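Let me put the model up and walk you through a few salt bridges and a surface patch.

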Amino acid sequence: MMKLENKNILIISGEAWGPIWFSKHNYAWQLSKKNKVFFLNPPKKFSLFNIFSPNLDSQPIAPNLTALTYKNVLPVKYKWLNALNEFYVFKKLRRYFESQNISKLIFWTFDPIRLSAPEKLNSSFVILHAVDKYLFSYPSEEILCHKADIVFCVSKEIADSFLKYTSKVHIIPHAIPSDEFLTPKPNPKNKLTALFAGTLDLRMDFEYLNYIIQKFPDILFRFIGKINIRNEFVKKLADGGFVNAVFEGEKPFEEVKYDVQNADLCILFKDNSLNGNSISSHKMLQYLAQGKPVFCSELSQHKEIEDLLYMTNDKYKLEKLLRTFVEHGENGDLVAKRIEYAKRHSFDTILKKIEQLLN
């Protein structure tokens, strides 16, 4: 029987280790409590000098958690060069783990667009964890799909696309750490505050954001995270151009929960025209764990709890919902129901479910 204890786990991530955490960062942190975990960052850009560089850069994060970074020794634009580059990358990884006396490695990838030869590490088990919808636009995704001992998908919509290639598919929704459940705080201020915690990038619906900010000048809109896009809205926000919206920059993931606690409501407006963008969001659980009212665009994975959310793609309808909330508040039972929903997605619960599936 496989239990996720006393194991050596390599997590491959599409986002580097840093203050902003995504699903893979949270899994790495939670799994490191009972296992030895190595978190593999995306590669550094190709350079001709990379071939002479040290094997790997390693950064200790916690007693059982180490972040690793490698450099591509060849440009990966072309398929045959990518395969050769992976040969060198796996060789460096193998040398590193041998130097650390690490064997029987669980290969757990959240990034299906690279490193598609886990057998080169003599991996004891291969997990493909799909949190994004790539639609098999990268050859490595199908390769890993066939090599994986099990495939986890955060939604049915993503899972359905994998069933064409393998029957070892299971739906594992996003999870949230137990320390995210803080007691909601009453707002002692007269001015309501709305919070967005995450990355400002092309996935956001900036027209939607701009409209709501302009329509509610008496609400203070706080943005916490990093900027991965430069457009008119983001420039105005970063330059302090809004009288009722502030950009506060990045904060460590562990601190964001206190900002959620102090918020009166949370917002999440995504551009649903982008492929896979209208499925789910990890930050939704962060909001719900404290019972916060969430005003958001439609997300298919959260349709089952639409009675707990203010969810619509119609910005005029959302304006009306928010206006009613500002003037009349909401049913007090909703806070407890949101928290209860989030608790069903705690890491304690989700990891137990994963262990059952592994067996």
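So, is Glu-248 buried, partly exposed or exposed? Glu-248 comes out partly exposed, because its relative accessibility is 32%; the cut-offs are under 20% for buried and over 50% for exposed, with partly exposed in between, using a 1.4 Å probe and protein chains only.

Quick caveats: this is a predicted model, so local features need pLDDT of at least 70 and side-chain atom pairs pLDDT 80 or more, while totals for chains, interfaces and linings use all residues. Residues are numbered from 1 along each chain as its sequence is written, and side-chain values use heavy atoms, with hydrogens and water left out.

Back to Glu-248, which makes a salt bridge with Lys-251, closest N and O atoms 3.7 Å apart. By salt bridge I mean a side-chain nitrogen of Lys or Arg within 4 Å of a carboxyl oxygen of Asp or Glu. Lys-251 is partly exposed too, at 22%. The structure holds 18 of these bridges.

Another one pairs Lys-303 with Glu-298, at 3.6 Å from N to O. Lys-303 is partly exposed at 37%, and so is Glu-298, at 28%. Then there's a network: bridges with shared partners join Arg-222, Glu-248, Lys-251 and Asp-259.

Last stop, the surface. Leu-84, Phe-87 and Tyr-88 make a nonpolar patch there, about 250 Å² of accessible area together (Shrake-Rupley, 1.4 Å probe, only the protein chains shown as cover; patch residues have over 30% relative accessible area and no salt bridge, with nonpolar side chains joined within 5 Å and like charges within 9 Å). Phe-87 itself is partly exposed at 39%.
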